[in-house]
Amino acid sequence: MKKFLLIPALISAPAWAMDWSLEAGVEGRRFFSEGAYPGQVDDQWSVRLQPELVWDSEDSNGRFTLTPFYRHDFADDERTHADLREAMYMTWGGSWELRAGIGKVFWGVTESLHLVDVINQTDLVEALDGEEKLGQPMVQGIWLSEAGTWEAFILPGFRERTFAGESGRFRFPLEVSDEARYQAEEEEWHTDLALRWSNSLELNGYPLDVSASLFHGTSREPLFEPEVTVTEGGPVVSGLTPYYPLQNQVGATLQYALEGWLLKAEVLYRDILKDTLNGEALKDQTAAVTGFEYTFVGPFDSAADLGVLMEYQSDSRGKDVAIAQNDLFTGVRYAFNDMSSSEILAGFTQDLERADSRFFLLEASTRLNPSTTIDVTAIVVTASDEEAPLLAFRQDDSIEAALNFYF
């Protein structure tokens, strides 16, 4: 990090100190099988840049953070994209805090799936697990009280989900259009609203974290309408158009740390404010993910920690629509607790209604030196049922290596 004092333009203007850092990376993917669809590549290389600049007011409670992001993918034009992950001004005083600009908010507690995390849109071309998010325009107010932390959000403007292009991997059989449709008359300029309460308590002497949230606005998860092209042989479905309905959502999370156990749960109810799409009735959604992580400290006479994870996923929409509708996730997390912060997480999600439908993920990371890390990710997808949501990715078994540099 480098630091210097900005010279104010006016003598009466407040002084601001600036810190900056830069994260850069080179990433390569190798796919073990030929693509399931024409034009898909077997190797995929990309580079990314993510600088961060932070200005702190030296004579008032103020901070401005700017975090642009850029990735250039040499195979998939749709994965080449730029984004403002954060451009946020923050001020505070006593028990309150106010933020305005573009930012990221994370609400989840479970490992395999984040149901309640509704503020930011998923940047799906970055990672298939949905962990990467696009920056969201927002005004966020936070109030701390004895009853917990209260947060209110005004979200002016919507971000469409990113999808891989024709040559990219982890894509649908049909290309997804860049022209989305909306239920809201204001389309992407509809203003969404959200409220959240959270609190940290004690139960039998152990920490218990709970939260509840409300959301009204445009769904971050699109539905799809077929694009029909008329040919000499008749109408043909040639692509998909994302459709974003309005929704009301109620969510809650729970996390309880009990000695070596970490018990977790996320639940939601989603009221879709549209009756039909493509001639089919749209149903409201009830979903949950719940499970545990148990940590063995110093196994095999080592300095490491070994975590065993298990989570059950349910979704009322059924096995032909939802990927996590009746599934079981099991995994292990091995933290070496060494100077390089080495860690491995491996797990697979098994569909309990389709024996041949499962998703395996391995993530490993270590530090090569104080300013360089390497991440390795392996993905294996198994699916043969024509109705299985995972079928689209059946040929996308892959290994990915990313070299990350920090300045």
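**Briefing: sheets, cores, voids and loop residues**

Strands S9, S13 and S12 form, in that order, an open three-stranded sheet with mixed pairing. S9 (181-182) and S12 (223-231) are the edge strands, each with a single partner, so one side of each has no neighbour in the sheet. The model is a predicted one: local features need pLDDT of at least 70, side-chain atom pairs count only at pLDDT 80 or more, and totals for chains, interfaces and linings use all residues. Residues are numbered from 1 along each chain as its sequence is written, and side-chain values use heavy atoms, with hydrogens and water left out.

- Strands, like helices, are DSSP runs numbered from the N terminus (strands: E, at least two residues; helices: H or I, at least four).
- Two strands are taken to pair if DSSP finds at least two bridges between them.
- S9 runs parallel to S13 (residues 234-244), and two bridges join them.
- In this pairing, Arg181 stands opposite Tyr243 of S13.
- Pro226 belongs to strand S12 and, at 42% relative accessibility, counts as partly exposed.
- For accessibility, buried means under 20% relative accessible area, exposed over 50%, and partly exposed in between, with a 1.4 Å probe and protein chains only.
- Setting aside neighbours within four places in sequence, Pro226 is in contact with Val237, Gly239, Leu240 and Asn278, where contact means heavy atoms within 4.5 Å.
- The C-alpha atoms of Pro226 and Val236 are 9.4 Å apart, with the two residues ten apart in sequence.

- S22 and S23 run antiparallel and are joined by eleven bridges.
- A hairpin of two residues connects S22 to S23.
- Ser365 stands opposite Asp375 in S23.
- S23 also pairs with S24 (residues 398-406), in the antiparallel sense, over eight bridges.
- Here Ala378 faces Ile399 of S24 as its opposite residue.
- In general, the strands of a sheet pair through backbone hydrogen bonds, either parallel or antiparallel.

**Nonpolar cores**

- A nonpolar core is a set of buried Ala, Val, Leu, Ile, Met, Phe, Trp, Tyr and Cys residues joined through side-chain atoms within 4.5 Å.
- The largest such core has 13 residues, and those with the most contacts inside it are Phe170, Phe359, Ile379, Val381, Ala383, Leu390 and Phe393.
- Strands S22 (358-369) and S23 (372-382) are the elements that give two or more residues to this core.
- Apart from this core lies another, of eleven residues, including Val105, Trp107, Val116 and Phe153.
- Not counting residues up to four places away in sequence, Ala383 touches Asp356, Ser357, Ala388, Leu390, Leu391 and Arg394.

**Cavities and a pocket**

- On a 1 Å grid over the protein atoms alone, a cavity is a set of points where a 1.4 Å probe fits but cannot get out, whereas a pocket is an open set with protein on both sides within 12 Å along at least five of seven lines; lining residues have an atom within 4 Å of a point.
- Grid points are joined across faces, edges and corners, and a volume is the space filled by probe spheres set on the points.
- Two cavities of 30 Å³ or more are present.
- The largest cavity has a volume of about 100 Å³, and its lining includes Arg29, Asp76, Phe163, Arg169 and Phe170.
- The lining of the largest cavity comprises seven nonpolar, one polar and four charged residues.
- In these classes, Ala, Val, Leu, Ile, Met, Phe, Trp, Tyr, Cys and Pro count as nonpolar, Asp, Glu, Lys and Arg as charged, and the others, Gly among them, as polar.
- The second largest cavity, with a volume of about 30 Å³, is lined by Ile323, Asp327, Asp351, Ser357, Pro389 and Leu390.
- The second largest pocket has a volume of about 240 Å³.
- Of the 15 residues lining the second largest pocket, Glu78, Arg161, Thr162, Phe163 and Asp178 lie nearest its centre.
- That lining has six nonpolar, four polar and five charged residues.

**The loop between S18 and S19**

- Phe300 lies in the loop between S18 (285-297) and S19 (305-315), and Asp301 is found in the loop between S18 and S19 as well.
- Phe300 has a positive phi of about 60° although it is not a glycine, and Asp301 has a positive phi near 55°.
- Most residues other than glycine have a negative phi.
- Phe300 counts as exposed at 70% relative accessibility, and Asp301 is exposed with a relative accessible area of 81%.
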